[in-house]
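Here is a short tour for anyone who likes to look at a fold before computing with it. Please have the viewer open as you read.

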Amino acid sequence: MIRAVVFDIDDTLVDFSGATGRGLLAHLATTRTVSPTDAERYLALWRHLEQIHFTAYLRGECTFTEQRRRRAREFCATAGFPLGPEESEIDAWVARYLEHCDEAFALFPDVLPALDTLRHAQVRLAAMSNSDRAYQHRKLTALGIRDRLEALVCCDDVDGVAKPDPRIFHAVCDRLGLAPAETVYVGDRLDSDARAATAAGLTGVWLDRTGDGQADVPTITTLDQLVRLLAARTVRKGS
C-alpha cells in the first residue's frame, strides 16, 4: 500500500537543464556576443564537463564547490573565455553564472497541480537528490515548494552515498518512517532513478517527458499521469 511519493528534483520537478542552459548563455553574453552556432557548441561543452566533474563529486573525489570550479576553469580554457587562476576569480565567475540560473529556474507546469492533488489525497511527499542539500533546499524554497515536502534527502545527508545505491533510497524511507514497499520514487532517469528505486524495494516510476522511451518499470510522461497511476493502486492515507 502506497503512503508516500518521493520525487527526484532536477528535470523532474524543476526544469534544470533548460534553466542552466539559459543561465550559461545569459552569463556568457555579458562577455561577448554569442552566435547560435557558438551557443550550441558552448552548451554541448558545458554538459560534457558537467557530466565529468559532477560524477567526480559523486565518487567523493572533490567537494560540490570544487566540481563547479573545475568545470568553470576547464570550460573557459577550452572555449576561450577569460578567467584568472585564483579561486576567488573562479568563484566569482560561478556566482554570476548561478545568478542567471536562479532567474531562469522554474517548475514544470504539471508540478503544482500534481503536488496539490497528492496532498489532498493525504499522500506524503518528499524529495531526494544526488546534489548538495543546501543548494537544493534554497532552490525548492525559492520556487515555493519546499514547505510542501515533508523530507529532503541529498547525498551529503548520507555520507556521500548517491543514486543508484540503495542506501540513499532507504535513507529517505527511514526519514519518513516508512518501508520501501510503501513508497513510490519518481525520477527522469531510467537507470539511476526508476530501476534503482525498484531494486531498492520501492515502486520506481520513470518520468519520460519526451515520451520516446520504453521500459520495464511504470512509465509516465507527465505528473498528472502519476496521479492517475496511484489512483489505480491502493493508496493508504495519512501517516
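Predicted model: local features only at pLDDT ≥ 70, side-chain atom pairs only at ≥ 80, totals over all residues.

Four bridges join β1 to β2, and the two run parallel; phenylalanine 7 has alanine 127 of β2 as its bridge partner. Four bridges also link β1 with strand β4 (residues 183-187), again in the parallel sense. Here valine 6 has tyrosine 185 of β4 as its bridge partner.

## A closer look at β2

How many residues of strand β2 (residues 124-129) are buried? Six of the six are buried, so the strand is largely enclosed by the rest of the structure. The cut-off behind this is a relative accessible area under 20%. Arg124, Ala126 and Met128 point one way from β2, while Leu125, Ala127 and Ser129 point the other way, and all of them are buried.

β2 also pairs with strand β3 (residues 151-154), in the parallel sense and over four bridges. In this pairing, alanine 126 stands opposite alanine 151 of β3. To get from β2 to β3, the chain passes through helix α6 (residues 133-142), and this β-α-β crossover is right-handed.

## The largest pocket

If you plan to look for open space, start with the largest pocket, whose volume is about 720 Å³. It is lined by 32 residues, and those closest to its centre are Asp10, Phe16, Glu50, Phe54 and Arg189. Sorted by class, the lining has eleven nonpolar, ten polar and eleven charged residues.

Which helices supply at least two residues each to this lining? They are α1 (16-29), α2 (36-58), α3 (64-79), α4 (87-104), α6 and α8 (190-199). The largest share, seven residues, comes from α2.

## Aromatic pairs

The structure holds 14 aromatic pairs. One of them joins tryptophan 46 and phenylalanine 75, an edge-to-face pair with 5.3 Å from centre to centre and 90° between the planes. This pair links distant parts of the chain, since tryptophan 46 belongs to helix α2 and phenylalanine 75 to helix α3, 29 residues apart.

A second pair to inspect is that of phenylalanine 54 and tyrosine 57: the ring centres lie 5.3 Å apart and the planes meet at 55°, so the pair is tilted. Phenylalanine 54 and tyrosine 57 sit three residues apart in helix α2, and therefore about one helical turn separates them. Tyrosine 57 is buried, at a relative accessible area of 11%, and phenylalanine 54 is among the residues closest to the centre of the largest pocket.

Finally, Tyr42, Trp46, Phe75, Phe81, Trp93 and Tyr97 form one aromatic cluster.

Key: Residues numbered from 1 in each chain as written. Heavy atoms only, no water. Buried < 20%, exposed > 50% of the residue type's maximum accessible area, 1.4 Å probe, protein only. Pairing = 2+ DSSP bridges. Right-handed = clockwise from strand over helix to strand, strands pointing away. 1 Å grid on protein atoms, 1.4 Å probe; cavity = no way out; pocket = protein on both sides within 12 Å on 5 of 7 lines; lining within 4 Å. Points joined across faces, edges and corners; volume = space filled by probe spheres on them. Nonpolar A, V, L, I, M, F, W, Y, C, P; charged D, E, K, R; others polar. Phe/Tyr/Trp six-rings, centres within 6.5 Å; stacked < 30°, edge-to-face > 60°.
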